[in-house]
Amino acid sequence: MPSDITELLVALREGRRDAQDQLLPLVYDELRSLAARRLGRAGADRTLGPTALLHETYLRLFDQTRVELNDRRHFFAVAAIAMRQILVDHARRRLALKRGGDQVRVPLDDRDHATDERLEEILSLDEALVRLKEMDERLARVVELRYFAGLTVDETADVLGVTGRTIKRDWRKARAVLYDMLHGPEDPE
Amino acid sequence: VNAERWKRALDVFDEAIERADESRSEFLLAACGDDRELRDRVERLLTIEREEREFLEHPAAEHLIDALAQPDAEPPHAHRSQTSARVQWPPRVVRRAM
């Protein structure tokens, strides 16, 4: 298996876009099974951070003797899409469950309320990102990598092949425009 | 959304923020001219930058472990074979390809 998957990474390196479509569900599965194994252990390891999870997934999926430095970047870009999908599905399901008609209503405490707001933020961000991508593709990718995949400024800079300073400026622009999309006046169009 | 208008506003915003407070309004006047809409948009972005410090400060990725721990969270792809996976995975995602 690892050698087939590594082939996909090589194909991605050569610019074949279909390789990304094929890689995506495999990364998705590996993230899930890795998390399941970690969570299954006694005292479930809930401290496992997203970056650590991504690194481990990368090491497990690919034949490390055949990958190049650039492949790691491609992998992170694909993994960020998988993580976004996982998180959006999660948010959608959790909110749907809470609003389910047959459920016994329990009073919400503040923590529940805060969590709901986070889940709603994830969904609205996902939609706003589609619009941001039409406006400026790199800004959308920066948000995908930082917000959905949890990468730091430096890690994001590495994946996109630009400087940390550029990422900081991109992030500032993306943050402001996304906030305006979500809370500002409607665009007259 | 008028993408070009937004891009212009973002560029002006990006430059304005690098300037000291004293020279900012002068810069905005020069950059926006009598384009009131552009000026309003940039002012809005500057206010957001100043006042909404918390926005997006906590990555959604913090919820990743919770999301992955959900037992009923399997996506509807049945097999790992590369060809079927490609067809069965939600097309929505495929369109987002970079």
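I count two residues as in contact when heavy atoms lie within 4.5 Å. The model I am reading is predicted.

**Entry 1: B:Ile17**

I looked up B:Ile17 and found it in helix H1 of chain B, residues 3–17. I then asked: is B:Ile17 buried or exposed? Its relative accessible area is 16%. Buried means under 20%, so B:Ile17 is buried.

Next I listed its contacts, leaving aside neighbours within four places in sequence. B:Ile17 touches B:Arg24, B:Leu46 and B:Glu49, and also A:Arg172 from chain A. I also checked B:Ile65, 48 residues away along the chain. The two C-alpha atoms are separated by 37 Å.

**Entry 2: chain B as a whole**

I noted six helices and zero strands in chain B. Of its 98 residues, 41% count as buried. I took the contacts with a separation of 6 or more; residues 24 or more positions apart account for 43% of them. The accessible surface comes to about 5,800 Å². Carbon and sulfur atoms hold 47% of that surface.

**Entry 3: helix H6 of chain A**

I moved to H6 of chain A, residues 137–148. This helix has twelve residues and reaches 16 Å from first C-alpha to last, close to the 16 Å expected. At its start, a side-chain oxygen of A:Asp136 comes to within 3.2 Å of the backbone nitrogen of A:Arg138. After the helix I found A:Gly150, with a positive phi near 70°.

Which residues of H6(A) are buried? I listed A:Leu139, A:Ala140, A:Val142, A:Val143, A:Glu144, A:Leu145, A:Tyr147 and A:Phe148.

Conventions: Residues numbered from 1 in each chain as written. Chains lettered and ligands numbered in written order. Predicted model: local features only at pLDDT ≥ 70, side-chain atom pairs only at ≥ 80, totals over all residues. Heavy atoms only, no water. Helix = DSSP H or I, 4+ residues; strand = E, 2+ residues; numbered from the N terminus. Expected span 1.5 Å × (residues − 1). Buried < 20%, exposed > 50% of the residue type's maximum accessible area, 1.4 Å probe, protein only. Polar contact = N/O pair within 3.5 Å; in protein donor to acceptor, adjacent residues only side chain to side chain. Areas by Shrake-Rupley, 256 points an atom, 1.4 Å probe, with all protein chains shown as cover.
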